[in-house]
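Here's a quick briefing to read alongside the model. Have the sequence and the 3D view open as you go.

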Amino acid sequence: MAGQLSGSASDLQIAAEDLVGLLERSSGTLGQVARRLEEEFAERFADAGVNPLSIIKRIKRLERELPELKEQCQALISTKQELTDSARALLRANRDQLQQLIAKSGAPAHDDGAVADAFGSAMGGWDAQMRRARDCGAAGGLEYSAQGLNLALARSNLQ
């Protein structure tokens with residue numbers, strides 16, 4: 001019985017090695033066929049200037065890269081929103097603290113209205129876009145988060 005098992009094991013090993021060899025030869029053959037097809041496409045479509053095989057390869061590569069790019073964009077937009085929010089809070093706190101220091105020191109008040117107005121205008125413009133996007137979404141029965149709105153606004157500004 002032990003002899004049968006060792007004989008079966010060696011037969012299985014030989015069969016597995018044969019299968020691996022066959023797969024390796026098949027892989028080589030497929031590689032040759034792929035190269036030949038690429039050459040034929042390049043020759044056939046050289047005059048047209050557009051090689052459909054190249055286009056298909058580019059589309060496949062883009063399909064692989066698109067999810068990663070989407071994640072990176074979402075992370076970037078999220079970080080941008082966090083930076084905008086923290087910059088807004090920090091600038092307001094600094095302005096308030098500066099006004100308190102000026103008042104305590106008895107120094108003449110510094111008119112920073114132009115700077116505050118410019119900052120308020122920039123933030124107001126972005127907030128107005130956010131409100132319009134939120135209102136448009138609500139009218140269509142959609143509800144957006146701040147991150148979703150930022151993403152939509154960034155897309156519309158890029159187009």
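The protein's secondary structure amounts to four helices and zero strands, and along the sequence that reads α-α-α-α. Helices here are DSSP runs of H or I with at least four residues, strands are E runs of at least two, and both are numbered from the N terminus. The model is predicted, so to speak with care: local features need pLDDT of at least 70, side-chain atom pairs count only at pLDDT 80 or more, and totals for chains, interfaces and linings use all residues. Residues are numbered from 1 along each chain as its sequence is written, and side-chain values use heavy atoms, with hydrogens and water left out.

**Helix α2**
- α2 has 54 residues and reaches 75 Å from first C-alpha to last, close to the 80 Å expected at 1.5 Å a residue (1.5 Å times one less than the number of residues).
- There's a kink of about 35° at Glu 65, shortly before Pro 67; the bend is the angle between axes fitted to the seven residues ending there and the seven starting there.
- Gly 106 follows α2, with a positive phi near 80°.

**Burial and Thr 84**
- Of the protein's 159 residues, 11% count as buried, meaning under 20% relative accessible area with a 1.4 Å probe, protein chains only.
- In α2 the buried residues are Ile 77, Gln 81, Thr 84, Arg 88 and Ile 102.
- Thr 84 sits in α2 (residues 52–105) and counts as buried because its relative accessibility is 19%.
- A polar atom of the Thr 84 side chain lies 2.8 Å from the backbone oxygen of Lys 80.

**The largest pocket**
- The largest pocket has a volume of about 260 Å³, taken as the space filled by probe spheres set on the grid points, which are joined across faces, edges and corners.
- Its lining includes Leu 91, Arg 92, Asp 112 and Phe 119.
- α2 and α3 (113–139) are the elements that give two or more residues to this lining, and α2 gives the most, with five.

Note on methods: Buried < 20%, exposed > 50% of the residue type's maximum accessible area, 1.4 Å probe, protein only. Polar contact = N/O pair within 3.5 Å; in protein donor to acceptor, adjacent residues only side chain to side chain. 1 Å grid on protein atoms, 1.4 Å probe; cavity = no way out; pocket = protein on both sides within 12 Å on 5 of 7 lines; lining within 4 Å.
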